[in-house]
Amino acid sequence: MRINAPKAFKDTVSMVKEFYFPKYVNIAKSYSEDPVTDALLRLEQSEDIFESYAKHKGVFVTIDRADSILIKDAEVKKDLKKIMDRSIIVRVSDGITGKESSSVVDATKDSFTYSGAKYISHKEADGSSNIIKSVFSHEDNFLRSVYRAVERLADLVKK
């Protein structure tokens, strides 16, 4: 049996490189012509934004077509199938504990509205405290919405 030394060396170098310098973000490739493929391409072009955040947080991010998690030939409601066909799934896992969380983001929309409220405790000079309700509402584009999902999921898996 003859071993191809350059190929074996390349494989070893690749494994060592992957171990010491892991890829923190994996965005699936898609070759069909639909809005999900366009969304994955846009995300791939801005992969470095997600890479630096994931490396800083110590998490691994995987972005894929949402319909990839459906089991082939399984009975799925038409409404769910329709949602999954036009969405992406964002998975974030902790690099140490392996804890994982995921979220589905609609790839056909480019405008997402977020609103909510935060309660802030404010102490006065005389020692009394007041609770102030802060209401917020803002609109995000698709890329910012995916980044917000990654941020929220990273906080969930790091708890």
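Strand β3 (residues 87-94) and strand β4 (residues 100-106) pair in the antiparallel sense over seven bridges. Strands count as paired if DSSP finds at least two bridges between them. I88 stands opposite V105 in β4. Five residues lie between the strands of this hairpin, and G98 takes a positive phi near 80°.

The model is predicted: local features need pLDDT of at least 70, side-chain atom pairs count only at pLDDT 80 or more, and totals for chains, interfaces and linings use all residues. Residues are numbered from 1 along each chain as its sequence is written, and side-chain values use heavy atoms, with hydrogens and water left out.

The protein has five helices and six strands, in the order α-β-α-α-β-α-β-β-β-β-α from the N terminus. Both are DSSP runs numbered from the N terminus: helices are H or I with at least four residues, strands E with at least two.

Two packed helices are described by the angle between their axes and the distance between the axes. Helix α3 (residues 47-57) and helix α5 (residues 142-158) pack at about 10°, with axes 11 Å apart. The two are therefore roughly parallel, a term for angles under 35 degrees. I49, F50, Y53 and K57 in α3 meet residues of α5 including L143, V146 and Y147; contact means heavy atoms within 4.5 Å.

Of the 159 residues in the protein, 28% are buried, meaning under 20% relative accessible area with a 1.4 Å probe, protein chains only. Among contacts between residues at least 6 apart in sequence, 60% join residues at least 24 apart.

How values were computed
Axes fitted to C-alpha atoms, helices over the stretch in contact; angles between N-to-C directions. Parallel < 35°, antiparallel > 145°, perpendicular 65-115°, else oblique. Buried < 20%, exposed > 50% of the residue type's maximum accessible area, 1.4 Å probe, protein only.
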